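Welcome to this short tour.

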Amino acid sequence: MTTVTSTSATGTAAAPAKTGWASLGATDFLKMLTAQLQNQDPTSPVDNTQMVAQLAQFSSLSNSTEMNSTLSAISDKLDKLNTASASNADVAATLKTISQQLAAIGAAQAAAGTTGTTAAGATTAA
């Protein structure tokens with residue numbers, strides 16, 4: 001495969017520098033493919049099978065990248081769900097403790113023969 005370098009003399013502003021493979025997208029691939037086709041040797045054009053193979057690789061890479069982002073989103077949602085579940089367990093434990101304390105207070109009042117108010121607001125008498 002031939003390496004192609006292209007420079008542009010137009011007065012357009014340069015795009016922000018991209019780093020790493022993750023920053024390349026479909027637009028970048030199409031620009032490289034177009035540059036490759038424009039600058040190919042007319043006596044030895046690019047083989048169709050090579051071009052189809054490149055398109056298939058790009059499609060596979062694109063699908064893989066999309067799947068990674070989807071799995072990442074699912075993982076984030078599961079983390080939030082686990083955090084909420086742990087928080088709900090803490091609330092349930094606190095409510096159980098309060099319920100036990102109220103039951104103990106009610107039992108103590110009943111043993112002492114005093115009148116009190118239950119958690120539901122009803123008045124009890126000994």
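What is the mean pLDDT of the chain? The mean is 75, and 72% of the residues reach 70 or more; pLDDT is the predictor's confidence in each residue, from 0 to 100. This is a predicted model, in which local features need pLDDT of at least 70, side-chain atom pairs count only at pLDDT 80 or more, and totals for chains, interfaces and linings use all residues. Residues are numbered from 1 along each chain as its sequence is written, and side-chain values use heavy atoms, with hydrogens and water left out.

Next, switch to cartoon view. You will find two helices and two strands, in the order α-α-β-β along the sequence. Helices (H or I, at least four residues) and strands (E, at least two) are DSSP runs, numbered from the N terminus.

Now select residues 48-112, which are helix 2. Step just past helix 2 to G113, which takes a positive phi of about 75°.

Go back into helix 2 and pick L78. L78 counts as partly exposed because its relative accessible area is 46%, between buried (under 20%) and exposed (over 50%), with a 1.4 Å probe and protein chains only.

Finally, colour the whole chain by burial: buried residues make up 7% of its 126 residues.

Note on methods:
The expected span of a helix is 1.5 Å times one less than its number of residues.
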